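User: I'm new to this one. Could you show it to me and then let me ask how you know things?

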Amino acid sequence: VLSSDVRRSMKDVFSIANDLAAEKAWGPAADLYLYISTNSTDKRQTGEALLKLALTYEKRLHANAPYHSLGGYFPGNQFLDLDVRYVLSKDAPLERTLKLYDSLQTLLPRTAEAFQASFQIAELQLTANGDVDRAIRGFENIFKKARRNDVRLSAGKRLVDAWLVRGDTTSALKSLSDISKTLNLDVDDPQIVASRIKILIHQGDIPALKKELLNLSGAALPTHPLFNDGLELMALIDGNGEPDDPQLRTYLKAEQLIGQHKLSEAIDILMQIQGEPSTIADEASVRAIQLLLAMEKTEQAVQVMDLFLQTFPESDWRANVLIWRGEQLQYVDHNPAAAIPYYEEVIVEHPGYLGIQEVRYRLRNLIGEGS
């Protein structure tokens, strides 16, 4: 592209770079964004190219997963998300990414691109670098000084999350109150309610948490992602004992530790929860498996999977664990034949599993044509 006539038009080069980024071709996209940033005479275009160049670096921070997992634990649910990056790629240094974002502060101060760069720096400090104090300062600065309210809201919500990582629910509540007052948002705005739910998880107040989840179901439209996230969390709580159930409280303690990025401590607590599938014991085991896989503690994850499959033959989560076990055999142990019985059990015994079609496709590829 750069050796052709199209390089004469920065607009065309930008379009091609964006297309490459949309296809997750981060390396070639980065080459074009770098070319634009060093050759464009438009300062705003240069800033946008630098921002997107840094984004391509950030996207490459994650080590490439050997496979796309078909299992999960409430995938996409923001209340149960693993808000931490444990495994970083060696090919895209974090420091280089942070410096590139930082350069925008000098090049285009107080512009939308500069505040977006500041947001990404604070995000990386929180989720990858473990520097919570710097993340808090970064989100506070954006909330106070950014011109766009959507950027301020995003920074404010992440500021609440950062205080929770610190274990400071008092500061989290104060920040949430500031968001509502400063941006003139109703206290029952779904975004505000969602942050309040996160705080209540950290406070371990189950009755108040259930009340706020009901509030969210009325505040958010059924088409809003938060609506379904709230229903899933409500089902998890309602289906596993009364508010004074000690195991349910223990599980919430583990969720607090996950929110504080203390995954190893959370695993220890989750593994202490024992009981029948009618209790929260099976969910606790599945959550522990998810954490172990995220931290690449493969051997320990396999042990917990095998124990789960022996202990919970009737659990609603059995299909997820069967898939995880099959994936470990197929992609980690490089023994695809051994994975077949696990995928077959999902298809035969759990036909209602939401990802059943993808499991069928994977099994057909393993067995061969005509299967």
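Analyst: One term to start with: contact means heavy atoms within 4.5 Å. With that, the buried residues of helix 8 pack against helix 6, helix 7 (149-165) and helix 9 (190-203). Helices (H or I, at least four residues) and strands (E, at least two) are DSSP runs, numbered from the N terminus. The model is predicted: local features need pLDDT of at least 70 and side-chain atom pairs pLDDT 80 or more, while totals for chains, interfaces and linings use all residues. Residues are numbered from 1 along each chain as its sequence is written, and side-chain values use heavy atoms, leaving out hydrogens and water.

User: Which residues of helix 8 are buried?

Analyst: They are Thr169, Ser171, Ala172, Ser175, Leu176, Ile179 and Ser180. Buried means under 20% relative accessible area, exposed over 50%, and partly exposed in between (1.4 Å probe, protein chains only).

User: What makes Phe143 buried?

Analyst: Its relative accessible area is 9%, and the cut-off is under 20%, so Phe143 counts as buried. Phe143 sits in helix 6 (residues 132-145). Leaving aside neighbours within four places in sequence, Phe143 touches Arg152, Ala155, Gly156, Asp178, Ile179, Thr182 and Leu183. Leu183 is 40 residues away along the chain, with 9.9 Å between the two C-alpha atoms.

User: How do you know what span helix 8 should have?

Analyst: The expected span is 1.5 Å times one less than the number of residues. For the 14 residues of helix 8 (residues 169-182) that gives 20 Å, and the end C-alpha atoms are 20 Å apart, which agrees. Helix 5 (residues 112-129) has 18 residues and should span 26 Å; its ends are 24 Å apart, which also agrees.

User: Why is helix 5 called largely enclosed?

Analyst: Because 15 of its 18 residues are buried. Just after helix 5, Gly130 takes a positive phi of about 75°.

User: Why are helix 5 and helix 6 called roughly antiparallel?

Analyst: Axes are lines fitted to C-alpha atoms, for helices over the stretch in contact, and angles run from 0 to 180 degrees between N-to-C directions. Angles under 35 degrees count as roughly parallel, over 145 as roughly antiparallel, 65 to 115 as roughly perpendicular and the rest as oblique. Helix 5 and helix 6 cross at roughly 155°, with axes that come within 8 Å. That angle is over 145, so the pair is roughly antiparallel. Their contact residues divide into eight nonpolar, three polar and three charged. Here Ala, Val, Leu, Ile, Met, Phe, Trp, Tyr, Cys and Pro count as nonpolar, Asp, Glu, Lys and Arg as charged, and the others, Gly among them, as polar.

User: What makes helix 9 roughly antiparallel to helix 10?

Analyst: The axes of helix 9 and helix 10 (residues 206-219) cross at roughly 165° and come within 10 Å. Since the cut-off is over 145, they are roughly antiparallel. The contact residues here are ten nonpolar, one polar and two charged.

User: And why are helix 14 and helix 16 called roughly parallel?

Analyst: Helix 14 (residues 281-294) and helix 16 (residues 318-332) pack at about 25°, with axes 11 Å apart. That is under 35 degrees, so they count as roughly parallel. Val286, Ile289, Gln290 and Leu293 in helix 14 meet Val321, Trp324 and Gln328 in helix 16. Those residues split into five nonpolar, two polar and no charged.
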